[in-house]
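Please read it with the model open beside the text.

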Amino acid sequence: MTDLALEPKPTPLALLLLGRNADPDSEKGVECPGSLPPASDPDLVQRAAAAKARLGDRVFILGHHYQRNEVIEFADVTGDSFKLAQQAAAHPEAEYIVFCGVHFMAESADILTSDSQQVVLPDMAAGCSMADMAEISQVEECWRVLQEAGVAEVTVPVTYMNSTAAIKAFTGRNGGSVCTSSNAKASLEWAFAKGEKVLFLPDQHLGRNTAVLELGLSLDDCVIYNPRLPGGGLTTDQLRAAKMILWRGHCSVHARFTAKSIQDVREQVPGVQVIVHPECTYEVVSAADAIGSTEVIISTITNAEPGSTWAIGTELNLVQRLAQDHPDKQIVFLEKSVCFCATMNRIDLPHLVWALESLADGNLVNQITVDPDTAHWARVALDRMLALPGPTHRAD
Ligand code: SF4
């Protein structure tokens with residue numbers, strides 16, 4: 001990565017605060033039932049390797065692209081959330097799937113793996129703020145609002161992969177589908193062939209960007225349902241006129257990139273090409289040169305001309321890794337004020353060591369399970385997505 005003023009200055013103190021028992025606002029809880037090794041333990045790397053070796057084929061470690069390098073080093077496979085869930089299912093010999101990612105991803109892995117496999121999240125506090133913005137009771141209330149407005153029957157729910165299993169199950173029960181950032185267009189086309197409107201959960205930006213920039217709808221075709229307001233803050237007439245009903249959710253990392261940053265980077269770095277994730281705002285993706293999921297960003301940078309210059313708008317751990325892996329290209333982080341995904345960063349080496357040593361000692365810790373009914377309907381929604389035509393199914 002260049003030494004430009006554009007390079008972010010992460011705050012070590014803020015990250016230190018993300019450890020155990022430090023976030024009373026977390027919806028997932030932050031306690032670990034055992035004793036974590038101290039982060040200062042000089043033997044952590046050796047301990048992780050030893051515990052992994054003791055477990056052998058009984059464990060398969062998944063590492064999301066946004067994870068820290070110290071964790072990625074021990075991953076058997078890296079990828080986006082959907083690829084990782086598929087990889088878990090493709091390794092039935094592994095008794096334990098250790099998911100270095102966030103809660104909704106581990107839920108998806110549990111849904112897609114067999115009953116004999118146990119999915120473990122090294123830190124239960126690793127939730128996703130976007131997924132937490134759509135609680136099942138709020139979504140059910142929204143559906144009642146749509147029923148009262150007389151539009152539920154012509155509305156197809158589509159949920160982004162980055163949602164809880166309960167929301168995926170709601171979608172499955174009500175005739176809808178899951179989508180990823182790579183197949184959102186195909187999912188919306190499928191949904192509009194089935195109904196007149198789409199309720200898009202939980203990321204308003206992916207929904208708006210796809211509907212307007214890829215399907216040719218207008219911004220006026222989109223309304224935002226705010227679960228904190230009565231009736232979502234919308235009138236019956238607004239609901240009846242809308243084509244896209246966007247849930248008022250966003251990614252707390254990607255929504256912070258700004259169009260001003262793109263303007264600044266173009267002024268400061270001659271010839272720079274800007275690539276951003278579709279969870280960024282409409283203004284940001286409209287100003288960028290390219291839009292892509294994490295896998296698309298990785299392949300774009302990998303295949304880019306040596307000597308080319310890129311400003312990337314996605315999670316910082318991934319951007320730093322791309323800069324490190326591609327020294328022949330100049331790579332800058334798009335936004336000074338954006339930092340790591342706080343919840344992704346909760347999985348650190350001490351938590352990974354603790355999880356692996358516990359499993360090697362015969363103690364199943366931090367297991368993520370989805371109840372059978374929820375898993376069934378979530379699977380229905382996932383299978384509808386898998387039946388869609390089009391490109392690979394890539395996620396966050
Ligand atoms: S980057 Fe955004 S969507 Fe992904 S886990 Fe973090 S908060 Fe959730």
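Which residues of β1 lie on one side and which on the other, and are they buried or exposed?

1. On one side of β1 are Val 59, Ile 61 and Gly 63, on the other are Phe 60, Leu 62 and His 64, and all of these are buried, where a residue counts as buried if 20 or more other C-beta atoms lie within 10 Å of its own, as exposed if 12 or fewer do, and as partly exposed in between, the C-beta atoms being placed from the backbone. Because six of the six residues of β1 are buried, the strand is largely enclosed by the rest of the structure.

2. The model is predicted, so local features need pLDDT of at least 70 and side-chain atom pairs count only at pLDDT 80 or more, while totals for chains, interfaces and linings use all residues. Residues are numbered from 1 along each chain as its sequence is written.

3. Of its 396 residues, 51% count as buried. Among contacts between residues at least 6 apart in sequence, 70% join residues at least 24 apart, a contact meaning that the C-beta atoms of two residues, placed from the backbone, lie within 7 Å.

4. To return to β1, this strand runs parallel to β3, to which five bridges join it, and Val 59 stands opposite Tyr 96 in β3. Three bridges join β1 to β2, again in parallel, and there His 64 has Gly 79 of β2 as its bridge partner. Two strands are taken to pair if DSSP finds at least two bridges between them.

5. Helix α2, residues 44-55, has 12 residues that at 1.5 Å a residue should span 16 Å, and the distance of 17 Å between its end C-alpha atoms agrees with this; the expected span is 1.5 Å times one less than the number of residues. In α2, Ala 48, Ala 51 and Lys 52 are buried. They cover an arc of only 100 degrees around the axis, which puts them on the same side of α2, the arc being that of the directions from the helix axis to the C-beta atoms. On the other side of α2, Gln 46 and Ala 53 are exposed. The cover over the buried residues of α2 includes β1 and α16 (349-360), and just after the helix Gly 56 takes a positive phi of about 55 degrees.

6. Two further helices deserve a look. In α4 (residues 81-89) the buried residues are Ser 81, Phe 82, Lys 83, Leu 84, Ala 85 and Ala 88, and they pack against β1, β2, β3 and α5. Helix α8 (residues 165-173) is mostly covered, with eight of its nine residues buried, and what covers them includes α5, α7, β5, β6, β7 and α17.

7. A separate open sheet has four strands in the order β11-β10-β12-β13, with parallel pairing. The strands β11 (290-291) and β13 (330-333) stand at its edges with a single partner strand each, so one side of each is left without a neighbour in the sheet. Two bridges join β10 (residues 273-276) to β11, and the bridge partner of Ile 275 in β11 is Ala 290.

8. The ligand is surrounded by 14 residues, of which the closest are Cys 128, Met 130, Cys 251, Val 253 and Cys 341; a residue is near a molecule if its C-beta atom, placed from the backbone, lies within 6 Å of it. Val 253 sits in the loop between β9 and α12, and counts as buried with 25 C-beta neighbours inside 10 Å. Although Val 253 and Cys 341 are 88 residues apart along the chain, their C-alpha atoms are separated by 6.0 Å.

9. Two backbone details are worth checking. Most residues other than glycine have a negative phi, and most peptide bonds are trans. The peptide bond from Leu 201 to Pro 202 is cis, with omega near -25 degrees, and Pro 202 lies in the loop between β7 and α10. Asn 366 has a positive phi, near 50 degrees, and is found in the loop between α16 and β14.
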